[in-house]
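Thanks for coming. I will take a few minutes to walk through one structure, so please have a look at it first.

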Amino acid sequence: MTNASSNPFAVMSIDVEDWFQVENLKSVIARDAWNECELRVERNTDRMLELMADRNVRCTCFILGWVADRCPGLIQRIAEAGHEIACHGYGHELIYDLTPEQFRADLDRARKLLQDQTGADVVGYRAPSFSITDWAIPILQDAGFTYDSSSFPTIAHDRYGSLTGIEAGQPIVELRPGFTEVCVSCLTLAGRGLPWGGGGYFRLFPYGVFRRGVNRILNEGQPYVFYIHPWEIDPGQPRQKGLKRSHAFRHYVNLGRCEKRWSRLLDDFTWTTMADLLEQCSPVTNQAQSSESNETTSAGG
Ligand SMILES: [Zn+2]
């Protein structure tokens, strides 16, 4: 454990959104119904801020604009506690369901709101449900972002998007000059990435097994990137019926144990922000995307 606890490159990130905004519940909670759902994100995020303050942990918060609009005090408290403010878009729409124009409008609305609320430059983005796609990258850069952290180089999930040239084992990649991708962590097994960055996977595996995987990534000299949502430490959230079994499993598995498990994870490693990581690590250049952005003909592959 000694190696891992002295390694500065474990990044903690929180996607600040509420329980009813997740993709797994979309079939039973329509967007129009969001305003009638019980808002629990403020209380849950405050609890996470408390757990991090107890341990002097700073993280990166990818905040949904919809939440920032309703909980401006929460955004202030996150910023005042020294966490990095980053953007999770405004309405939690999957990118590949939007037109480029709709995507740009969603981005601008969320980024402006967060910058107005905090007075800080917001340069980091994470796509809803990791739905990143190649055409979104130049739009993100044009909108003022310098990095994205939506790529999860794995084949194990049916909803994640993908970027050209991202492979397991290359966690920080310069996609274009001045724009970097920071992948959420995977364990490389037989050349394929096994998701090891949080979510249902974090709640599903026994904690000791999960921690060993994190140690393995760090001991290989790779940075480690973890993500969690405030609703994951909230077993008291309203339970929804009529969900597809796989969706219910992903959303509800081990919610009751998650706060304790997350506290242990905070204790067991030294955490930092995305901004700090990017300041200290130089990215690998992604040849495929760079040449595509510089040439009129596609580089292919
Ligand atoms: Zn999200």
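Let me start with Asn56, which is exposed, with a relative accessible area of 74%. One caveat before going on: this is a predicted model. Asn56 belongs to the loop between α2, residues 41–54, and β2, residues 60–63. Its backbone has a positive phi of about 55°, although Asn56 is not a glycine.

His92 also has a positive phi, about 55°, and is not a glycine either. Its place is the loop between β3, residues 84–87, and α5, residues 100–118. Is His92 buried or exposed? His92 is buried, at a relative accessible area of 3%. It counts as buried because that value falls under the 20% cut-off, whereas Asn56, at 74%, counts as exposed because it is over 50%.

Now to the metal. Which residues are the protein donors of the zinc ion? They are Glu17 through OE, His88 through NE2 and His92 through NE2, and they lie 1.9 to 2.1 Å from the ion. Along the sequence, the spacing of the donor residues reads E-x70-H-x3-H. His88 has a relative accessibility of 1%, so it counts as buried. Water is not among the atoms, so a site like this may look incomplete.

Gln21 sits in the loop between β1, residues 10–16, and α2. Its relative accessibility is 3%, so Gln21 counts as buried. The side chain of Gln21 reaches the backbone nitrogen of Asp18, at 2.7 Å. Setting aside neighbours within four places in sequence, Gln21 is in contact with Trp34, Leu64, Trp66, Val67 and His92.

Last, the nonpolar cores. In soluble globular proteins, nonpolar side chains tend to be buried together. Here the largest nonpolar core has 76 residues, and those with the most contacts inside it are Tyr224, Phe226, Trp262 and Trp271. What does Trp271 contact, leaving aside its neighbours within four places in sequence? The list is Ala10, Val11, Met12, Val57, Arg58, Tyr224, Phe226, Leu265 and Leu266. Apart from this core lies another one, of 15 residues, including Phe62, Ile172, Met274 and Cys281.

Methods:
Residues numbered from 1 in each chain as written. Predicted model: local features only at pLDDT ≥ 70, side-chain atom pairs only at ≥ 80, totals over all residues. Heavy atoms only, no water. Helix = DSSP H or I, 4+ residues; strand = E, 2+ residues; numbered from the N terminus. Buried < 20%, exposed > 50% of the residue type's maximum accessible area, 1.4 Å probe, protein only. Donors = N, O, S within 2.8 Å, 3.2 Å for Na, K, Ca; no water. Core = buried A, V, L, I, M, F, W, Y, C linked by side-chain atoms within 4.5 Å. Contact = heavy atoms within 4.5 Å. Polar contact = N/O pair within 3.5 Å; in protein donor to acceptor, adjacent residues only side chain to side chain.
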